[in-house]
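This report covers a protein model and its chain contacts, one of its sheets and some of its salt bridges. The sequence and structure come next.

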Amino acid sequence: MNQRVTFRGWWLPILLIAPQVLISVIFFFYPAGQAIWQSLFIPDPFGLSSVFVGLGNFEFLFSDKFYRASFVTTAVFSILVTLCSMIPALFLAVMADRLIKGSGTYRTMLIWPYAVAPAIAGVLWLFMFNTRVGVVSWYLGQLGYDWNHVLNGGEAMGLVVIASAWGRISYNFLFFLAALQAVPRSVIEAAAIDGARFWKRFWTVVLPLLSPTAFFLLVVNIVYSFFETFGVIHTITSGGPQQSTTILVYKVFADGFVGQDLGSSAAQSVVLLFVVGLLTVIQFKYIEKKVHY
Amino acid sequence: MKKYLSGALIAATLFSPISVAEPTEVHFWHAFTGRLGELVAAQVDDFNASQSDYKVVQTHKGNYSETLNSGIAAFRANEQPHILMVFEVGTATMMAARGAVRPMHEVMELSGAEFDQDAYIGAVKGYYTSTEGDMLSLPFNASTPVLWVNRDAMAAAGVDPDTDLSTWQSVGTALTALKAGGEECPLVTAWQSWIHLENFSAYHDVPFATKDNGFAGLDTELTLNGPAQVAHLSAMGQWAKDGKFIYTGRRNEGGANFRAGECALFTESSAGYAGIKKEAEFDFEVRPLPYWKGVGNSPQNTIIGGASLWVMEGHSDAEYTGAGEFLSYLSSTDVQAQWHQDTGYLPITAAAGDATRASGFYAENLGTEVAVIQMTANKPTANSNGLRLGSYDQIRGLIDEELEAIWSGDKSAQEAMDSAKERGDALLRRFESANR
């Protein structure tokens, strides 16, 4: 039964995949190779000399308990950002999908935050929660809660998670809404005729049909929380207080571009490369099995 | 390549009749924006107008870290400027980069511009001078921490604004009185590591690191977990716990609180003058930084913060001559005195300080001289020349982290500083192996 269409000869297929391969080589394999190569050296910042240290940079990293702790911080941060950006997005999408009047305006408003750059989002949230002049921290103070993310690690984490997830909700909302609208009405109607109420229909019919989208968003959001939340953390906490919001990517930046320690920074990039590679493999191998296309 | 050459030739022939002697360009990258950026631009314009052989082109490259990074990246791409502004913590990085920088004294010798190393204030130039006594870069903006006092807040809390605040002992008493008098923010600080560890150590003449704070070699180790530092941080930690010291952040966030009149005492750079004078709607005063009476050789002298100008390798002799002329111009008495009075930064030459005093500026602006006196009262010792530690930007970051652990009560001062030493030493060893 398995009908396969094959090309005759090699030239056409090679030509067709060449652009993608070329882009991957130039923008991925070459820099990744460079990072791996550089991770074996301790160079001086000006590139005047470079000492080969083998795996010395990795040894240095993993003997640092703060670096190891940064893995936990990153995991907590990524899980929180992913959850906080996907669950509200799904809820909003379900609500927007039911709207009959004014849905266009409603959707546009929900998509807006996505247009705000992460660094700007960081500044906005920082202002609202500023311990001195922030609106939110003032209200919290009225309620008797002393907000101080400058010294309280948990609050700092909460703040960067909210600031990172906020803009992302829009992005997830878009995808969920599109997926919801692709759910065949007939299936839902059939369930309704069988007597299933809205939430019952949602859990048993709609959600499974959304799973490919949810899976896609899960992968994309985890990658986002790993790499693109840098701007938010840089503007709000700079990794502090203590190291409570220093995620792996932030440390790559801080060591490489503030500390001028390019060897360690390269080694950290390599570690990150493996972590994200591993996560993606796990996701596709185990979670994807539960996804119905 | 050939194409470019012929292009250049054509261009040269075309334009040469118009511009017979094009001035040699000297590129200067700095980190100043706002008012300071305007003042730098004005200095450059004045220099360019004062002669026709050289033209200095100034470019803003971002904050201190970004400017240093741009300089390093440009050097790697062989497009480095002639003069690069580097903040004080980047000093060891620049010094270790032999082959990337040309020491200032060599540039001055080559250019033949007027240059007398003895004219510069010891405590200022010490930070940027080799162990042999040669100046490696030109101190540009230098400041030192002082104690800012909100006199109105003191009076409101029932504390005599003229009370003695010269020692931490008496500050401790004042803080208790302020708190009791209803003041919610008795003490706030900026740049905690710079003021409460680096300057603290120099001021009490106790070592911050071995090998003369790194001046005498790369094999230096931190000694910031010594009894004097730990005692001070323990006291500060207790004040934080009692709500007498309010922590606002790693940089100068506290300045906003103080300028808004919310805090009574504020330890901050003398260069905070311009901002405080402009915004404060209360009666303020500058006092010398407090010291612990009976600890070390206090009060010794405080050390500086700020930036210096480094000349980079890889340019022609003519360009170095131009760079030398410009640096000499910046050090001249009138330019320096004006800069000192405009910004609150320290004068880098004794003559500039004298000229400022003679002009009556100190008499009209009370307290502006405090920083100068505090810096120059005593001859700097091996512990109070400054710091020369590699990867220091990173080390300061980890010190900030450990200090936060003290303020939040997670660690005792001793635990935090032991941890800072351990982590900092690891970075120092890495820097040593990268720059052997």
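## Surroundings of Phe284(B)

Apart from neighbours within four places in sequence, Phe284(B) touches Trp148(B), Val149(B), Ile276(B) and Lys277(B). The model is a predicted one. Phe284(B) belongs to strand β10 of chain B and is partly exposed, its relative accessible area being 23%. Leu222(B) lies 62 residues from Phe284(B) in sequence, and the C-alpha atoms of the two are 36 Å apart.

## The sheet in chain B

Strand β10 of chain B is part of an open sheet of five strands, in the order β8-β7-β9-β6-β10, with mixed pairing. The edges are taken by β8 (245-246) and β10 (284-287) of chain B; each has a single partner strand, so one side of each has no neighbour in the sheet.

Strand β9 (residues 265-269) of chain B is mostly covered, with five of its five residues buried. Strand β6 (residues 145-150) of chain B runs antiparallel to β9(B) and is joined to it by five bridges; in one pairing, Leu147(B) has Thr267(B) of β9(B) as its bridge partner. Strand β7 (residues 187-189) of chain B runs parallel to β9(B), with three bridges between them. Here Leu187(B) is opposite Leu265(B), and Thr189(B) is opposite Thr267(B).

## Salt bridges in chain B

Over all chains, the whole structure holds 23 salt bridges. One of them pairs Glu221(B) with Lys421(B) at 3.4 Å, N to O. This pair links distant parts of the chain, 200 residues apart: Glu221(B) sits in the loop between α10 (210-213) and α11 (227-241) of chain B, and Lys421(B) in helix α20 (residues 413-434) of chain B. Glu221(B) is partly exposed, at a relative accessible area of 38%.

Glu369(B) and Arg357(B) also form a salt bridge, with the closest N and O atoms 2.7 Å apart. Glu369(B) is in the loop between α17 (361-364) and α18 (370-376) of chain B, while Arg357(B) is in helix α16 (residues 350-358) of chain B, 12 residues away. Arg357(B) is partly exposed, with a relative accessible area of 41%. A network of salt bridges with shared partners takes in Arg151(B), Asp162(B), Asp283(B), Glu285(B) and Arg287(B). Within this group, Glu285(B) and Arg287(B) bridge with their closest N and O atoms 3.0 Å apart. Glu285(B) is partly exposed, with a relative accessible area of 21%, whereas Arg287(B) is buried, at 11%.

## The contact between chains A and B

Chain A contributes 29 residues to the contact and chain B contributes 38 residues. About 2800 Å² is buried between chain A and chain B, and carbon and sulfur atoms give 55% of that area. Of the area that chain A buries against chain B, 29% comes from Phe46(A), Arg132(A) and Gln242(A), more than from any other three residues.

Two salt bridges are counted between chain A and chain B. One of them joins Arg430(B) to Asp261(A), with the closest N and O atoms 2.7 Å apart. On the side of chain A that touches chain B, β1 (41-43), α2 (56-62), α11 (248-258) and α12 (262-287) of chain A each supply at least two residues. The residues of that side comprise 14 nonpolar, 11 polar and four charged.

How values were computed:
Residues are numbered from 1 along each chain as its sequence is written. Chains are lettered from A and ligands numbered from 1 in the order in which they are written. This is a predicted model: local features need pLDDT of at least 70, side-chain atom pairs count only at pLDDT 80 or more; totals for chains, interfaces and linings use all residues. Side-chain values use heavy atoms; hydrogens and water are left out. Contact means heavy atoms within 4.5 Å. Buried area is the accessible area (1.4 Å probe) that two parts lose on being put together, summed over both. A salt bridge is a side-chain nitrogen of Lys or Arg within 4 Å of a carboxyl oxygen of Asp or Glu. Helices (H or I, at least four residues) and strands (E, at least two) are DSSP runs, numbered from the N terminus. Ala, Val, Leu, Ile, Met, Phe, Trp, Tyr, Cys and Pro count as nonpolar, Asp, Glu, Lys and Arg as charged, and the others, Gly among them, as polar. Buried means under 20% relative accessible area, exposed over 50%, partly exposed in between (1.4 Å probe, protein chains only). Two strands pair if DSSP finds at least two bridges between them.
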